[in-house]
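Here's a quick briefing to read alongside the coordinates. Have the viewer open and follow along.

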Amino acid sequence: MATGTVPSVDDTVASGPVGIVVNPRSGTDVRRSVAAAASVTVEDKANVVRRVVRGAREAGAGQFMVHHDSHRIIRRATETMRDVELSWIDMALTFTEEDTVTAVAAMRSAGCAVVVVIGGDGTNRAAARAWPDLPVVPLSTGTNNAFPITVEATVAGAASGHLATGRCRLEDVSRMAKVIRVTPSGADLPDDLALVDAVAVDDPYVGSFELFNPSTLRLAVVTRAEPTAVGFAGVAGLVEPVGPDDDGGLLLRFGPVADCDRVVRGPTAPGHYDDLGLAEVRRLAEGEEVVVSGPLLLAFDGERKRRLLVGEEVVLTVRRDGPRVVDVAAVMSRAAADGAYLR
């Protein structure tokens with residue numbers, strides 16, 4: 001394309017607003033006190049939002065769907081931008097992950113082309129609860145960030161902008177993520193999911209402020225096992241790596257260190273290592289069922305979420321039917337090939 005011409009956009013490609021979700025609590029949990037996790041401030045997050053919006057605007061995106069939060073992060077980030085059209089979601093804040101669920105459900109209904117989720121594994125999990133095949137650019141600002149990507153926010157915004165304007169097809173520049181489906185045996189219990197790991201522990205406290213005590217661990221099912229990660233995805237990766245593009249997942253059953261032939265010492269949190277006894281390690285095929293029976297506590301993506309009582313059980317299965325994770329590099333390569341930034 002000659003310099004100075006306007007790059008073409010395929011009118012047959014669906015387009016829509018850019019959704020932006022930011023978790024004001026990501027990067028602030030107790031692992032700053034009991035481990036060595038870094039903090040992410042409100043101003044850090046506002047700066048990320050500002051760069052995402054500016055990158056998307058440069059790519060031609062004109063509409064953004066956003067939500068209120070307890071720290072006014074998005075408003076702080078955009079209040080001096082005069083060329084940005086924001087659609088604010090009318091929602092009552094609960095100051096829980098349900099705020100993310102509500103916001104993403106509204107973005108789905110409004111036909112957002114892509115959603116930029118600024119948070120960690122837990123924030124993206126909440127987003128996926130509202131929109132199972134969510135088209136997402138997950139930006140890392142949490143603690144155990146196995147699911148989000150590390151990319152400059154300006155470029156992430158630009159990629160979302162190119163999707164929003166219809167420059168490329170979502171299916172051409174994204175991959176469907178694996179998830180762990182959590183299906184209770186009782187009809188009165190809700191389904192759930194995890195993006196990275198589902199862990200069963202013998203711990204009486206759902207809201208415990210302590211790290212997982214190795215002696216309470218019973219099993220973990222992971223969609224990915226990466227030696228470069230922390231948390232259970234990182235621990236599992238030191239035993240048998242499983243990448244996000246590999247089929248299936250991995251099962252680890254834990255036992256007392258003194259009773260196990262295999263012991264792994266891994267980073268259960270940033271800057272924190274534990275010895276974990278391994279009673280069983282095996283690959284899981286997609287759709288293979290793992291039954292977990294109470295009494296146990298279930299944690300999803302590092303957060304304690306559900307108690308199983310005596311007689312209750314759930315089935316865990318790894319399936320590739322989760323969010324569509326945008327390949328930012330693929331989008332930007334297409335934009336560059338189209339001459340989108342040539343003048």
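Which residue in β16 is the bridge partner of A299? It's R304. Keep in mind that you're looking at a predicted model, with a mean pLDDT of 90 for the protein.

**Confidence**
- Of the protein's residues, 89% reach a pLDDT of 70 or more.
- The stretch to watch is residues 1–8, where the pLDDT is below 50. Beyond near neighbours in sequence, this stretch has 14 contacts in the model.

**The β15/β16 hairpin**
- Back to the A299–R304 pair: β15 covers residues 296–300 and β16 covers residues 303–308, and the two strands pair in the antiparallel sense over five bridges.
- Two residues sit between the strands of this hairpin. In the hairpin, D301 takes a positive phi near 55 degrees.

**The seven-strand sheet**
- Seven strands make up an open sheet, and reading across it you get β3-β2-β1-β4-β5-β18-β6. The pairing is mixed.
- At the edges are β3 (85–88) and β6 (174–176), each of which pairs on one side only.
- On average, neighbouring strands of this sheet are turned by 30 degrees against each other, ignoring direction.
- For a parallel pair, look at β2 (residues 63–66) and β3, which are joined over four bridges. Here Q63 stands opposite E85 in β3.
- Helix α2 (residues 42–58) packs on the sheet and touches β1 (18–22), β2, β4 (114–119) and β5 (135–140). The direction of α2 makes about 170 degrees with that of β1.

**The α4/α5 pair**
- Two packed helices are described by the angle between their axes and the distance between the axes.
- For α4 (residues 98–109) and α5 (residues 121–130), the angle is about 45 degrees and the axes are 8 Å apart. That angle is why α4 counts as oblique to α5.
- The crossing of α4 past α5 is right-handed.
- On the α4 side, the contact is made by E98, T100, V101, V104, A105 and R108. From α5 come T123, A126, A127, R129 and A130.
- By type, the residues of this α4–α5 contact split into six nonpolar, two polar and three charged.

Notes. Residues numbered from 1 in each chain as written. Predicted model: local features only at pLDDT ≥ 70, side-chain atom pairs only at ≥ 80, totals over all residues. Heavy atoms only, no water. Axes fitted to C-alpha atoms, helices over the stretch in contact; angles between N-to-C directions. Parallel < 35°, antiparallel > 145°, perpendicular 65-115°, else oblique. Left-handed = near helix turned anticlockwise from the far one by under 90°. Contact = heavy atoms within 4.5 Å. Nonpolar A, V, L, I, M, F, W, Y, C, P; charged D, E, K, R; others polar. pLDDT = per-residue confidence, 0-100. Pairing = 2+ DSSP bridges.
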